[in-house]
Amino acid sequence: MSNITPEIVKEHGLTEDEYDKVLEIMGREPNITELGIFSVMWSEHCSYKSSKKWLKTLHTEEPWVICGPGENAGIVDIGDGQAAIFKMESHNHPSFIEPFQGAATGVGGIMRDIFTMGARPVANMNALRFGRPDHPKTKHLVNGVVAGIGSYGNCMGVPTVGGECEFDTSYDGNILVNAMTVGVADTEKIFYSAAAGEGYPLVYVGSRTGRDGIHGATMASAEFDDDTDEKRPTVQVGDPFTEKLVLEACLELMATDAIIGIQDMGAAGLTCSTFEMASKGGVGVEMDLDLVPKRAADMTAYELMLSESQERMVMVLKPGREEEARKIFEKWELNFAVIGKLTDTGRLVLKMGGEIVGDLPIDPLAEASPEYDRPWVPTAKPAVIDAADVAAPNDPCAALKRMIGSPNFAQKRWIWDQYDHMVMGDTVQRPGGDSAVVRVHGTQKGLAVTTDCTPRYCYADPFEGGKQVVAESWRNITAVGAKPLAITDCLNFGNPERPEIMGQFVGCIEGMGEACRTLEYPVISGNVSFYNETRGEGIRPTPTIGGVGVLADVSKAATCAFEAEGDDIVLIGETTGHLGCSAYLVEIEGRDAGAPPPVDLAIERRNGDAVRGMIDEGVVSACHDISDGGVFVAMAEMAMAGNMGAAIDVPDTGIPLHAWLFGEDQARYVVTSRDAKTVLAKAADAGVPATVIGRTGSDRLTVGPSLSISVSELKSAHEDWMPKFMSAP
Amino acid sequence: MKAAVIVFPGSNCDRDVQVSIEQSTGKPCAMIWHKETELPDLDLIVIPGGFSYGDYLRSGAIAAHSPIMREVKARADSGVAVLGICNGFHVLTETQLLPGILMRNAGLKFICRDVDLRVETTNSMFTQSYAKDQVICIPIAHNDGNYMTDADTLKMLEDEDRIAFRYCDAAGGIGEAGNPNGSMANIAGILNRRRNILGMMPHPERLADQLLGGIDGRPMFDGLVEALAA
């Protein structure tokens with residue numbers, strides 16, 4: 001009689017076809033442990049079965065890329081024998097179910113990915129998306145997620161230097177928690193996951209294995225339904241203190257040459273980590289589960305292999321180096337156990353109580369992992385909305401105040417106050433600017449880091465939206481004066497089995513790919529999070545991008561704050577007054593419609609290169625990119641950051657005033673300078689449109705002869721929303 | 001000045017304060033693992049910020065029982081300067097080298113931001129480079145910074161001029177507006193009777209470099225070097 005019933009197969013998230021393949025690979029019926037292993041290895045979360053086909057089309061190579069997608073994180077060369085290692089990952093499903101632990105372990109997991117490769121994490125970022133503010137769950141989720149992120153990063157002593165936070169009703173049932181970590185390593189001291197060496201010891205370090213998080217990867221590969229709260233036990237529990245010790249112990253061991261390959265245990269724990277190491281190295285593994293450090297003595301093989309307990313690593317050591325490694329881990333009061341060895345069989349063999357409890361072929365399982373060409377339909381292109389068809393506000397200054405005091409524009413200090421953003425003593429630009437800037441410790445270099453996405457654009461036109469998100473990331477890095485190097489992507493979408501969702505995914509990927517190629521801004525790591533749906537309602541397509549750039553001299557980094565009275569304000573780039581799909585249209589007119597602004601990537605690059613040159617030559621005193629809300633919001637942000645007003649002279653362009661002020665044309669920046677002549681000359685040399693549009697000074701932002709608003713009034717509107725919202729009963 | 005920083009499992013501002021000390025002394029600052037039982041010849045011992053033992057039990061409670069702390073106490077008793085910052089202040093209260101306790105912030109949230117401090121006394125080697133009543137800007141980053149003690153101890157601290165810093169508003173006013181965490185009498189840092197031990201929640205090492213946004217923390221380290229130059 002068969003032990004594996006169709007119900008059991010279904011509970012493990014495998015389709016009938018997939019189970020047939022399991023039988024074919026095994027040549028027999030699998031036992032429950034083996035079935036569990038197939039289930040997690042072939043889950044969407046681990047196998048990328050719906051996205052693989054499209055991810056392969058992304059642009060992933062440039063001369064400065066040391067390691068692209070496929071490892072724990074991507075690596076770029078930042079000069080002087082140093083590398084930046086980074087990745088962003090989603091922890092959406094667990095954070096909705098249990099916000100504090102879900103978000104905390106998301107941060108813990110992404111930091112582990114970074115230090116697994118030999119890098120000390122130097123900066124954390126996060127991109128958060130919640131449901132509408134008045135949804136009954138939103139406040140609770142914001143509280144839990146922010147506290148969870150803070151608790152983990154703060155205890156680790158890695159600064160959380162920035163991010164973004166938005167509210168939209170499409171996230172009512174599925175919030176997004178995307179966490180990014182950037183680390184720095186010597187290029188000579190980078191560690192990979194491939195295992196090698198027959199007979200070499202397989203070592204387990206870190207926390208004990210418990211019963212938490214079993215089937216987390218499978219949970220994250222399905223839609224939510226009415227029983228979501230019952231899934232709470234699949235969320236892991238984090239212990240940042242232990243991870244801090246694991247970090248220090250790993251870096252101490254990595255300073256020696258004892259490690260062959262190392263892998264953290266994340267999704268699908270012991271299963272995924274050993275499979276990955278063995279499959280990359282083309283070797284087999286024999287593991288004695290009796291030797292795995294456990295929290296409960298009676299744990300089964302199934303539980304041990306599928307647990308997602310946190311703060312655990314597995315590594316292959318050179319033979320004879322076990323004692324040296326053991327001493328380091330014992331100094332840090334961590335578990336250290338040799339749990340098996342590498343073999344030449346190409347199989348994963350699991351033993352327990354002297355018996356074989358699992359025996360699976362590694363390559364066939366990895367190679368046969370399903371890959372689907374899911375049917376998709378392209379998203380219909382929305383009509384372009386003419387600025388003349390958008391009503392003008394009675395008072396543009398009042399409209400500005402309303403916008404910057406709206407949930408999505410309001411200052412998020414309430415959040416970043418809960419993150420230690422200064423520990424490690426290298427945070428040069430704190431949260432709130434275009435990009436965060438951290439000094440590379442002990443050098444003059446700086447890293448600029450930003451996370452971006454405009455789901456409104458991606459929803460209206462996935463292709464243009466996909467282009468825009470990469471362009472905006474590139475622009476934010478450029479606006480502080482850094483050279484954009486590469487990105488990590490965190491692709492959050494609904495159910496890929498629905499053709500219209502798959503169409504959004506394909507559109508975004510194609511747009512991103514084109515932007516990455518033209519801007520020479522490759523994707524070096526990332527993850528895909530599908531099934532962000534509840535009862536058939538999907539989120540807006542949200543391909544969050546984390547970008548990293550380098551500054552040769554961090555003291556030259558530009559900020560967006562108006563610096564001195566009497567500086568000329570120069571608008572860089574072309575303005576047409578594109579109001580379709582704009583924040584103005586949504587916030588003021590309540591219309592979510594129209595085509596988003598098109599992105600001309602060649603112009604984006606030309607304008608950005610010119611601005612970066614000006615910052616490097618020291619001719620600009622402040623710089624800010626123009627994105628959501630247009631030039632007026634950009635100027636307000638510069639005024640609030642610098643506590644200083646400005647007088648805007650709107651050039652005679654024939655564009656309606658509100659379209660000129662709030663239009664979201666791309667590839668634009670606002671810069672200030674003592675020496676506008678030089679700025680204009682440099683722009684002209686590069687063929688970049690540039691116009692003087694005003695001058696800094698006073699304590700008011702004025703437009704033309706009759707419109708004005710005080711900076712302090714703007715500041716209260718901007719700063720008050722979030723604390724008021726969170727403290728309201 | 002010969003200085004050392006004590007490192008506990010979970011310390012995470014150890015390197016930051018080492019950098020600030022080395023910037024002021026121009027000499028290497030030693031890092032001492034908490035399991036050591038002896039200290040080299042030193043003029044200054046720093047107990048750094050962080051989450052020693054993950055803040056389990058109570059912040060600083062487990063670190064206070066680390067082997068090295070017996071030696072730190074002995075040195076402090078012999079007059080060696082001891083500076084405890086943030087979690088280091090927790091450790092100093094847990095070892096009872098300083099009076100009082102640090103409770104959960106009144107707002108029940110972790111707070112990381114620049115705050116204004118008023119220098120209450122210049123009569124110590126830690127504060128001699130500031131002016132009395134000077135308002136300085138130093139960041140805080142803590143969950144548990146809400147200083148509390150009994151009325152008699154508070155009176156003693158005040159009578160003996162042992163309050164080093166109080167949280168204040170930008171104009172130096174001591175009131176609720178400038179108090180980020182609910183600390184009694186806006187206390188941000190205190191001295192022992194002999195004035196060779198300072199515990200403070202704010203992080204002077206975080207603003208001792210213009211590139212990071214300010215240098216109001218630097219006079220503390222420069223002042224210590226001046227006082228302890230040997």
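Author: What follows takes a few labels in turn and sets values against definitions. This is a predicted model, in which local features need pLDDT of at least 70, side-chain atom pairs count only at pLDDT 80 or more, and totals for chains, interfaces and linings use all residues. Residues are numbered from 1 along each chain as its sequence is written, while chains are lettered from A and ligands numbered from 1 in the order in which they are written.

Reader: Why is A:Cys581 called buried?

Author: A residue is buried if 20 or more other C-beta atoms lie within 10 Å of its own, exposed if 12 or fewer, and partly exposed in between, with C-beta atoms placed from the backbone. A:Cys581 has 26 other C-beta atoms within 10 Å, so it is buried. Its phi is positive, about 65°, although A:Cys581 is not a glycine. Most residues other than glycine have a negative phi.

Reader: Is A:Asn643 buried or exposed, and what makes it so?

Author: A:Asn643 has 12 C-beta neighbours inside 10 Å and therefore counts as exposed. A:Asn643 also has a positive phi, of about 55°, without being a glycine. It sits in the loop between helix H22 (630-642) and strand S24 (646-648) of chain A; helices (H or I, at least four residues) and strands (E, at least two) are DSSP runs, numbered from the N terminus.

Reader: Why is H22(A) described as roughly perpendicular to H25(A)?

Author: The axes of H22(A) and helix H25 (residues 711-727) of chain A come within 10 Å and cross at roughly 100°. Axes are lines fitted to C-alpha atoms, for helices over the stretch in contact, and angles run from 0 to 180 degrees between N-to-C directions. Angles under 35 degrees count as roughly parallel, over 145 as roughly antiparallel, 65 to 115 as roughly perpendicular and the rest as oblique. The pair H22(A) and H25(A) is therefore roughly perpendicular.

Reader: Which residues make the contact between H22(A) and H25(A)?

Author: H22(A) contributes A:Ala636, A:Ala639 and A:Met640, and H25(A) contributes A:Val711, A:Leu714, A:Lys715 and A:His718. Two residues are in contact if their C-beta atoms, placed from the backbone, lie within 7 Å.

Reader: What makes A:Ala639 stand out in the largest nonpolar core?

Author: A nonpolar core is a set of buried Ala, Val, Leu, Ile, Met, Phe, Trp, Tyr and Cys residues joined through C-beta atoms within 7 Å. The largest has 301 residues, and A:Ala639 is among those that touch the most other members, with A:Val470, A:Met635 and A:Val671. Helix H19 (residues 499-519) of chain A gives the most to this core, ten residues.
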